[in-house]
Amino acid sequence: MEQQAKAPQDIRNVVNFLRNSKAGIKIRVGILNGKRIDYFKGKAAVKALTSPAYSKLKNVPPIKSEEDAVKVLQSILPFAFFLRVERGNPSSSSSSPRMLSITPSQALQPAHYYAWFYEGAQWTTYVGGVVMVAVMLAGVMFPLWPPIMRMGVSYLSMGVLGIAGLFIALAIVRLVFYIITIIVASPGIWIFPKLFADVGFVSTLCSTAYSPPTFPPTELTTLLRAG
């Protein structure tokens with residue numbers, strides 16, 4: 001938008017902060033002119049501008065109170081980074097996004113809702129696109145790589161496949177062992193119980209090699225009395 005291009009740098013810095021997840025603003029999704037669009041509540045934006053995270057920013061308007069935050073947000077409205085909207089009924093079911101409509105009166109109030117017309121800084125998208133293109137070109141030009149690089153990639157791929165094969169083999173062995181112990185030592189014993197746990201590779205293999213069977217409280221009491 002032309003209005004957004006005219007925004008001074010300090011205002012743009014505030015907008016980028018609000019659009020970033022670091023601001024902590026709850027983003028809602030609504031339907032405006034048949035398209036999904038993000039919107040937020042004014043109170044959340046005021047809270048973000050009075051947070052410690054905002055006070056650490058440079059080249060932004062100083063804010064000491066909620067009144068200052070409202071004034072800064074009001075000064076952003078003419079640049080159309082976000083506009084005040086009214087919420088209607090859900091588009092279909094009760095859990096569907098609400099219908100939104102832009103209101104003629106554009107004023108900043110904490111209780112009102114505002115729709116985003118700005119996607120934020122796009123440099124991460126551009127960098128990701130460049131990296132993806134570079135990876136694809138590198139793959140296509142693999143036959144032109146120096147022999148030593150192709151050999152290194154071959155060894156690396158074989159190592160990765162070897163590790164994957166090791167995990168598959170361990171999974172099969174532990175499953176077979178568990179099935180056998182169900183028959184001879186019910187309720188069964190798991191070897192490498194943390195094989196698929198959310199822990200590091202070393203912790204997976206260096207943890208307890210087996211998981212002893214567990215008994216229900218009543219059965220455990222019976223065994224203790226029998227002992």
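Which residues does Arg-19 touch, not counting residues up to four places away in sequence? In this predicted model, the contacts of Arg-19 are with Ile-27, Asp-38, Trp-116, Tyr-118, Glu-119 and Gly-120. Arg-19 lies in helix 2, which covers residues 9–19, and a polar atom of the Arg-19 side chain is found 2.6 Å from the backbone oxygen of Tyr-118. Because its relative accessible area is 17% and buried means under 20%, Arg-19 counts as buried.

The largest nonpolar core has 28 residues, and the members that touch the most others are Leu-18, Leu-49, Leu-73, Ile-76, Phe-81 and Phe-82. Two or more residues each come to this core from helix 2, helix 3 (42–49), helix 5 (66–76) and strand 5 (113–116), with helix 2 giving the most, 5 residues. Leaving aside residues up to four places away in sequence, Leu-73 touches Leu-18, Ala-45, Val-46, Leu-49, Phe-82 and Leu-108. A second, separate core of 7 residues has among its members Ile-37, Tyr-39, Tyr-113 and Ala-115. In soluble globular proteins, nonpolar side chains tend to be buried together.

Key
Residues are numbered from 1 along each chain as its sequence is written. This is a predicted model: local features need pLDDT of at least 70, side-chain atom pairs count only at pLDDT 80 or more; totals for chains, interfaces and linings use all residues. Side-chain values use heavy atoms; hydrogens and water are left out. Helices (H or I, at least four residues) and strands (E, at least two) are DSSP runs, numbered from the N terminus. Buried means under 20% relative accessible area, exposed over 50%, partly exposed in between (1.4 Å probe, protein chains only). A polar contact is a pair of N or O atoms within 3.5 Å; within protein, one must be able to donate a hydrogen and the other to accept it, and residues adjacent in sequence count only if both atoms are side-chain atoms. Contact means heavy atoms within 4.5 Å. A nonpolar core is a set of buried Ala, Val, Leu, Ile, Met, Phe, Trp, Tyr and Cys residues joined through side-chain atoms within 4.5 Å.
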